[in-house]
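Trainee: I have a model open and want to go through how its parts pack. Can we take it step by step?

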Amino acid sequence: MTTPETQRLINKAEKLCEQRGARLTPARREVFEILAGQDGAIGAYDLLDKLKGAVPNAKPPTIYRALDFLQEQGFVHKISSSNSYVLCSHFDHHHPVQMLICERCGSVQEIQSDGVYDALRKQAQSHGFTVASQTIEAHGLCHHCQANA
Ligand SMILES: [Zn+2]
Ligand SMILES: [Zn+2]
């Protein structure tokens, strides 16, 4: 089922793709929609299972190609530490990514702190290193899980 919020995100992604001359193919759109309706992060194989509901002949490369595309467009972030994917909560611009990942329920909250970004960049500079992109993954317990601990 497509909620109005999911539909709003799809419309926004479609518009951005149009502006960029990128093609949101049915499979890419479908993967986007699954991620948009997802609470927290999801692994590629779980995505594939869900995708098969709409695209019965979907195979792992279908998913990986779609995910590559969605990451290139900045719609989706990969969480390396758990090898899963999450929809970006503000995908209309590229930005440094800081994610709060709950170890118990798997929820992912995205935060944006320019302070963290600047501090890391300055530290890197003092080591003669130029940062091209940064993703910070913080693990812990979310608000909800702490209350139910
Ligand atoms: Zn993001
Ligand atoms: Zn949690």
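Mentor: Start with a definition. Two strands pair if DSSP finds at least two bridges between them. Keep in mind that this is a predicted model.

Trainee: Which residue in E6 does Ile101 stand opposite?

Mentor: Take the strands first. Strand E4 covers residues 97-102. E4 and E6 pair in the parallel sense, over 6 bridges. In E6, the residue opposite Ile101 is His139.

Trainee: Which strands stand at the edges of the sheet?

Mentor: The sheet is open, with 3 strands and mixed pairing. Its order is E5-E4-E6. An edge strand has a single partner strand, so one of its sides is left without a neighbour in the sheet. That describes strand E5 (108-111) and strand E6 (135-140).

Trainee: How many nonpolar residues does the contact of H1 with H2 have?

Mentor: H1 brings Thr6, Leu9, Ile10 and Ala13. H2 answers with Arg29, Phe32, Glu33 and Ala36. By class, 1 is polar and 2 are charged, and the nonpolar count is 5.

Trainee: Is the crossing of H2 and H3 left-handed or right-handed?

Mentor: Helix H3 runs over residues 44-54. Its axis lies 10 Å from that of H2, at an angle of about 120°. That makes H2 oblique to H3. The crossing is right-handed.

Trainee: How many charged residues are in the contact of H2 with H3?

Mentor: From H2 come Glu30, Val31 and Ile34. They meet Leu47, Lys50, Leu51 and Ala54 in H3. The contact has 5 nonpolar residues and no polar ones, and the charged count is 2.

Trainee: Last, the domains. How far apart are the C-alpha centres of domain 1 and domain 2?

Mentor: The domain assignment gives domain 1 as 4-87 and domain 2 as 97-147. The contact takes 9 residues from domain 1 and 9 residues from domain 2. On the domain 1 side, these divide into 3 nonpolar, 5 polar and 1 charged. The distance between the C-alpha centres is 22 Å.

Key. Residues numbered from 1 in each chain as written. Chains lettered and ligands numbered in written order. Predicted model: local features only at pLDDT ≥ 70, side-chain atom pairs only at ≥ 80, totals over all residues. Domains from an automatic or database assignment. Contact = placed C-beta atoms within 7 Å. Nonpolar A, V, L, I, M, F, W, Y, C, P; charged D, E, K, R; others polar. Helix = DSSP H or I, 4+ residues; strand = E, 2+ residues; numbered from the N terminus. Axes fitted to C-alpha atoms, helices over the stretch in contact; angles between N-to-C directions. Parallel < 35°, antiparallel > 145°, perpendicular 65-115°, else oblique. Left-handed = near helix turned anticlockwise from the far one by under 90°.
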